[in-house]
Amino acid sequence: MRKLICIFLIVSILCGLLSGCYDRREVDELAYVLAIGLDKGKTNKLKITLQIAVPMAIGGGGEGGGDAEKASTIVTLESASMYAGLDLANNFVSKQLNLSHAKVLVVSKELAQEGGIEGFMMALPRGREIRPNMFIAVSRQSAEEYIRAVKPVLEVNPAKFYELNFRAYRYTGFTANTDLHDFYLKMKSLYSQPVAILAGVGRFDEGQEFDVKGSTFDEKNRSIPLEGDFVAGEITKSGGVKAEIMGLAVFDGAKMVGELDGEATMYYLMIQGDFNNSYMTMHDPLQKDKLVILNIKRSRNPKRDVKMINGKPVIDVKIRLEADIQVLQSGINYEMPQNLVILEKAYEDFIKEGMKRLLYLTSQEYNTDIFGFGERVKQQFITWGEWEKYGWLKKYKDSTFNVDVDLKIRRPGLTIRSSPIQYSNGEGAQ
Amino acid sequence: MAMAENKIKFGKWEASALIITLIITQLILGFPRLMVETAGTAGWIVVLYVTILALLAFFIIEKLYSSFKGKDLLDISERIGGSILRILVGIIFLAYFIFIISIVLRSFAENMKVITLQQSPISYVTMFFIIGMIAGAYAGIEALVRFCAIVMPIILAGLLLIFIAVSPHFNFENIFPILGTGPIDIFGKGFLRVSVFSAISLLFFITPFIKTHKSFRTVGYVSIGVSAAFFFVGTFAYLLVYPFPIGVEGFLPVYQLSRLVEYGRFFQRIESVFVLIWAASALIYLSSVFYFIVYVFKKTFKLEYYKPLILPFAILIFNISLIPPNLVTAVELESKYIRTYVWIISFVIPIVILVTAKYFKRGTNKEEKKNA
């Protein structure tokens with residue numbers, strides 16, 4: 001009996017103690033931040049925008065389906081630092097703010113260019129609540145504008161929107177997986193520099209307003225913009241979600257030094273070995289006014305090699321891709337082996353040219369090794385001291401590049417032989 | 001009670017499980033960071049190097065021990081230097097155990113605060129570990145080793161799961177430059193890191209329970225081998241994910257690795273597995289070492305019972321653990337002193353005692369003569 005009483009007493013006491021009295025936090029007493037936006041402040045160092053989940057609206061309150069518009073609430077405030085801002089926000093948000101479900105950190109381009117993110121990038125990994133896989137994005141407009149423009153149409157839950165949208169690079173190739181962990185490592189690295197997803201707010205409300213002033217097709221001497229010739233906010237589209245992602249923000253340490261458009265981002269992914277698959281449009285090599293579209297996939301991991309010749313880096317990149325024919329507007333029978341070679345060669349040259357443009361842009365204009373070629377150079381050193389003294393990041397600007405692209409078209413889709421469209425005036429006849 | 005203790009016997013599996021769990025605890029606390037601190041990108045080479053050193057030291061000890069089947073270090077000390085040496089050796093090991101358990105207790109409590117119980121006072125968190133230690137010591141060595149035999153495979157499987165799951169983040173270029181901060185750091189500073197195997201010293205006190213020399217030898221090699229394999233995999237994985245010099249920033253390397261695991265939108269936040277492993281290791285480590293503190297004290301001073309010692313020692317350890325003013329001091333005490341110099345106590349003192357016993361006092365034991 002005494003033993004029983006003892007056990008009962010111990011269990012009763014432990015029940016109280018083990019429930020973690022001091023750290024007890026009820027789920028419905030917490031407000032989960034989904035997105036954090038950072039802009040340059042007007043009255044203080046930072047303007048902080050917090051998108052906070054409204055779980056009742058996400059769940060629909062038991063009435064079947066939630067309301068996307070009401071699924072989150074957005075607050076903006078100014079303070080000296082991010083954590084100071086959270087403290088301030090806790091004064092007018094009824095529940096305690098919690099960052100453990102924050103999916104994205106959006107920084108305005110203005111702040112990123114001034115290197116204003118240095119301070120909080122150093123603070124972020126220290127925080128237990130912030131996840132290392134939180135996405136990092138740079139907004140071409142203010143971060144507040146971007147977050148306020150996130151009004152998901154196909155999802156109720158904004159967190160799901162961010163997760164799906166920011167992972168779309170796997171089938172578009174127009175952004176990359178840039179999370180906090182990766183950004184932090186590269187920011188402090190001696191052989192690689194970080195990038196962040198480029199975000200923006202669409203400029204157009206209606207189709208009539210469309211223009212291509214913001215497209216990069218002109219710089220590439222193209223007659224029309226191809227799908228990769230845009231950066232976030234400049235895509236010629238109306239309707240749907242105004243918030244867009246396209247391209248990458250290029251950093252030198254914690255300071256943003258440039259932008260990459262969608263096409264350059266695709267080449268970045270290919271060189272990094274992170275490219276999965278994507279459509280790629282090009283002018284038909286035999287009929288320039290028509291387009292060809294291939295569905296391109298990575299065939300093998302890229303081969304990268306760095307040699308030092310006369311104290312200057314010579315970088316060799318070999319990319320191996322395979323593709324399926326998606327569209328042949330001209331009706332030329334590219335499926336025939338002798339024609340297939342022409343198409344493959346044209347694509348190889350097209351990609352090679354784009355890659356060289358990107359590589360020289362990063363080395364000569366941005367002077368930042370976002371590809372991590374320094375990793376290959378590091379292998380040539382025996383000790384860390386020698387490598388540190390070598391100063392790869394300073395030498396990258398003198399690099400020359402040899403790019404080799406090998407593309408093999410494997411399948412023609414469901415059409416094995418193309419034939420042209422016939423017109424009454426005889427056009428199209430071969 | 002003494003009679004009962006003599007009857008306790010456990011097998012090679014249980015003993016190995018105990019020693020492995022005690023050694024492997026460091027992997028959870030901060031071992032990979034310590035290796036990266038020692039030699040930079042060559043931290044993994046330090047692991048291989050100290051493993052060879054530990055195996056070499058154990059080889060010598062094991063050969064010397066062959067003449068002292070079933071005797072622990074205190075028995076052997078008594079044989080060569082009488083009660084004085086027995087008490088002296090006992091006090092040295094007691095001081096070492098008390099120091100190490102206090103720092104580790106504080107580290108575990110602080111880690112718990114960092115990971116999950118941020119608002120709870122440190123004394124409140126420490127109290128839970130103390131309760132576990134007391135319960136473990138009351139249950140005795142047999143219960144502890146049997147518990148270890150069950151939990152150790154779970155701990156190792158959990159660690160392996162984390163290392164495998166984090167593999168998409170591996171970057172094999174991180175091990176270059178191959179010699180890290182240089183051969184002097186690897187083989188000079190690295191030499192002191194042999195202390196990571198210091199928990200093997202507990203094997204010299206469980207010899208009466210494992211009886212045969214063959215078992216002693218097997219347990220020693222298996223424990224060092226398995227622990228070294230996990231140390232290597234852990235350090236290598238950490239280095240491949242967190243390159244030098246960022247690798248020296250991580251406070252809890254394995255926890256930080258587990259936070260990176262993510263497979264799709266569903267399989268995330270695997271660090272809960274880590275917390276389970278971590279809590280299990282902490283409890284086993286603390287209660288086992290605590291048991292040995294009271295056991296060694298009892299044996300050193302030839303007391304009949306150890307249970308009345310449990311509460312006073314628990315209070316003593318609790319108080320010592322709260323002496324470091326902050327977490328950084330506790331971590332520094334652990335890495336600068338415990339993981340640097342305790343090899344002297346774990347390997348040098350036993351070798352000196354065994355050499356003296358074997359070559360200068362051999363055969364003084366009547367029983368041994370009779371057996372011969």
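## The β8–β9 hairpin of chain A

In this predicted model, strands β8(A) and β9(A) form a hairpin with 2 residues between them. A:Gly253 sits in the turn and has a positive phi of about 65°. The two strands, β8(A) and β9 (residues 255-260), run antiparallel over 5 bridges. Within this pairing, A:Ala249 stands opposite A:Glu259 of β9(A). Strands pair here if DSSP finds at least two bridges between them. Helices (H or I, at least four residues) and strands (E, at least two) are DSSP runs, numbered from the N terminus.

β8(A) has another antiparallel partner, β7 (residues 195-201) of chain A, with 6 bridges. There, A:Ile197 has A:Leu248 of β8(A) as its bridge partner. A residue is buried if 20 or more other C-beta atoms lie within 10 Å of its own, exposed if 12 or fewer, and partly exposed in between, with C-beta atoms placed from the backbone.

## Numbering and confidence

Residues are numbered from 1 along each chain as its sequence is written, while chains are lettered from A and ligands numbered from 1 in the order in which they are written. Because the model is predicted, local features need pLDDT of at least 70 and side-chain atom pairs count only at pLDDT 80 or more, whereas totals for chains, interfaces and linings use all residues.

## Around A:Gln113

A:Gln113 belongs to helix α4 (residues 109-113) of chain A. A:Gln113 is partly exposed, because 18 other C-beta atoms lie within 10 Å. Leaving out residues up to four places away in sequence, A:Gln113 touches A:Lys255 and A:Met256. Contact requires C-beta atoms, placed from the backbone, within 7 Å. A:Tyr184 is 71 residues from A:Gln113 along the chain, and their C-alpha atoms are separated by 17 Å.

## Two domains in chain A

The domain assignment, automatic or from a database, gives chain A domain 1 (29-269) and domain 2 (276-423). Their centres, taken over C-alpha atoms, are 28 Å apart. The contact between them takes 21 residues from domain 1 and 22 residues from domain 2. On the domain 1 side, α8 (169-172), β8, β9 and α10 (262-272) each give two or more residues. α10(A) gives the most, with 5 residues.

That domain 1 side divides into 12 nonpolar, 5 polar and 4 charged residues. Ala, Val, Leu, Ile, Met, Phe, Trp, Tyr, Cys and Pro count as nonpolar, Asp, Glu, Lys and Arg as charged, and the others, Gly among them, as polar.

## Where chain A meets chain B

The contact between the chains takes 21 residues from chain A and 25 residues from chain B. On the chain A side, α9 (180-187), α12 (374-378) and α13 (384-390) give two or more residues each. The largest share, 4 residues, comes from α13(A). By class, the chain A side has 7 nonpolar, 7 polar and 7 charged residues.

## Chain B as a whole

Chain B holds 16 helices and 2 strands. Its C-alpha atoms fill a box of roughly 70 × 45 × 35 Å along the principal axes. A compact globule of 372 residues would have a radius of gyration near 21 Å, and chain B agrees, with 21 Å. This radius is taken over C-alpha atoms, and the globule rule is 2.2 Å times the number of residues to the power 0.38.

Of the 372 residues of chain B, 51% count as buried. Among contacts in chain B between residues at least 6 apart in sequence, 84% join residues at least 24 apart.

Key
Contact = placed C-beta atoms within 7 Å.
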